[in-house]
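Hi,

Here is the structure I promised to pass on.

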Amino acid sequence: MASETAGPSAGDPTLRRRIEPWEFEVFFDPRELRRETCLLYEIQWGTSHRRWRKSGKNTTNHAEVNFIEKLTSERQFCPSVRCSITWFLSWSPCWECSQAIQEFLSQHPNVTLVIYVARLYYHMDQRNRQGLRDLVNSGVTIQIMSVPEYCYCWRNFVNFPPGQEAHWLRYQPQWMALYELELHCIILSLPPCLKISRRCQKQLTFFGLTLQNCHYQAIPPHILLATGLVLPFVPWR
């Protein structure tokens, strides 16, 4: 994804809409199973290169529904103008939000949506899995946030301290790879393979894999190997 190196300055029009570093850390850490959702989003209208950025969180509604309601109520929202939207979500949409997103996009064919997620929301729930598949089948791009997306969000959505433009709290790529593997399973209609458990006393999150033959047959090897929990296959001679 494109990189922007401009940091928040006193004249930055997005400065008052940026989140604090601690918020970015607690919401987007792939190990944390925080209940609330944080949504960072940017919108481009028509052929303009200008990006309008802001953030949102859960209220009585989920963050995705809040976004849709806010966008469609804005005076400058013009359904006839092409609109490109990018979301950075701390949790993937639930099945109800997936339905709301599909309905919104079906009513506004000039809108395109790309979604990056830090974690998969209740990924064992078949309704949530089907909801994500339906979004992908309707043309929505869904990807797990990787290092470039974390860097992008830190630079463009976080009120980082002076001189720390590149010093965001880095997370282990293996956690991102595990979610990426499970997302592939969801899109390909494979059984879940990612197991997540939490020990509340020590607030530790444990990741594990339970792979079946169908996973080895359908998932590209480089995605399996990126988790660090799958050994490369070496044929006997």
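A term for the notes first: a residue is called buried under 20% relative accessible area, exposed over 50% and partly exposed in between, with a 1.4 Å probe and protein chains only. Please keep in mind that this is a predicted model, in which local features need pLDDT of at least 70 and side-chain atom pairs count only at pLDDT 80 or more, while totals for chains, interfaces and linings use all residues. Residues are numbered from 1 along each chain as its sequence is written, and side-chain values use heavy atoms, with hydrogens and water left out.

On confidence: pLDDT is the predictor's confidence in each residue, from 0 to 100. The chain has a mean pLDDT of 87, and 87% of its residues reach 70 or more. Residues 2-7 fall below 50, and this stretch has 16 contacts in the model beyond near neighbours in sequence; contact means heavy atoms within 4.5 Å. Where pLDDT is low, the predicted coordinates should not be read in detail.

Now the sheet. Helices (H or I, at least four residues) and strands (E, at least two) are DSSP runs, numbered from the N terminus, and two strands pair if DSSP finds at least two bridges between them. Five strands make up an open, mixed sheet in the order β2-β1-β3-β4-β5. Its edges are β2 (52-57) and β5 (141-144), each pairing on one side only. Strand β1 (residues 38-45) runs antiparallel to β2 and is joined to it by six bridges; Tyr41 has Lys54 as its bridge partner in β2.

Ser90 is buried, at a relative accessible area of 0%. A polar atom of its side chain lies 2.9 Å from the backbone nitrogen of Cys38. Leaving out residues up to four places away in sequence, Ser90 also touches residues including Phe27, Phe28, Ala118 and Arg119.

Finally, the cysteines. Cys97 counts as buried at 3% relative accessibility, and Cys193 counts as buried at 0%.

Best wishes

How values were computed: A polar contact is a pair of N or O atoms within 3.5 Å; within protein, one must be able to donate a hydrogen and the other to accept it, and residues adjacent in sequence count only if both atoms are side-chain atoms.
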